Amino acid sequence: MSSEASQETSPGYEAARDELVEVVRKLEAGGLSLEDSLALWERGEALAKTCEQHLAGARERIDAALAVVEEDVSQA
């Protein structure tokens with residue numbers, strides 16, 4: 001699956017972050033069965049990975065933009 005296709009099926013950063021906050025809240029509240037807790041934990045791990053991927057992509061874009069600015073400055 002291409003990265004574009006995976007981005008279409010995965011939530012955006014803000015949606016993933018918000019859902020992750022809700023997952024953590026539910027886990028911290030307790031009172032869930034072991035199976036429900038494990039399912040939430042797995043969902044939280046997937047959401048955390050999605051957030052990390054979005055942040056890594058943002059870092060790459062920033063680095064690329066800074067490289068262009070630095071190149072322009074060095075050529076001036």
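Predicted model: local features only at pLDDT ≥ 70, side-chain atom pairs only at ≥ 80, totals over all residues.
Helix α2 comprises 17 residues and spans 24 Å from its first C-alpha to its last, close to the 24 Å expected at 1.5 Å a residue. Just after α2, Gly30 adopts a positive phi of about 75 degrees.

The largest nonpolar core consists of five residues, namely Ala16, Val23, Leu40, Leu47 and Cys51. Two elements, α2 (13–29) and α3 (34–75), each give two or more residues to this core, and α3 gives the most, with three residues. Within this set, Leu47 touches Ala16 and Val23, and its contacts also include Pro11, Glu19 and Leu20, when residues up to four places away in sequence are not counted. Thr50, which is placed in helix α3, is in contact with Ser10, Pro11 and Ala16 once its neighbours within four places in sequence are left aside. Thr50 counts as buried because its relative accessibility of 10% falls under the 20% cut-off.

Side chains of opposite charge can pair when their charged atoms come close, and three salt bridges are counted in the model. One of them joins the side chains of Arg43 and Glu19, with an N to O distance of 2.8 Å; this pair links distant parts of the chain, Arg43 lying in helix α3 and Glu19 in helix α2, 24 residues apart. Both partners are partly exposed, Arg43 at 34% relative accessibility and Glu19 at 31%. Glu19 is also among the residues touched by Leu47.

A further salt bridge is formed between the side chains of Arg25 and Glu22, at 2.5 Å from N to O. Arg25 and Glu22 both belong to helix α2 and are separated by three residues, about one turn of the helix. Arg25 is partly exposed at 45% relative accessibility, and Glu22 is likewise partly exposed, with a relative accessible area of 32%. The side chains of Arg17 and Asp18 also meet in a salt bridge, for which the N to O distance is 3.1 Å. Arg17 has a relative accessible area of 35% and is therefore partly exposed, as is Asp18, for which the corresponding value is 45%.

Conventions
Residues numbered from 1 in each chain as written. Heavy atoms only, no water. Core = buried A, V, L, I, M, F, W, Y, C linked by side-chain atoms within 4.5 Å. Buried < 20%, exposed > 50% of the residue type's maximum accessible area, 1.4 Å probe, protein only. Helix = DSSP H or I, 4+ residues; strand = E, 2+ residues; numbered from the N terminus. Contact = heavy atoms within 4.5 Å. Expected span 1.5 Å × (residues − 1). Salt bridge = Lys/Arg side-chain N within 4 Å of Asp/Glu carboxyl O.
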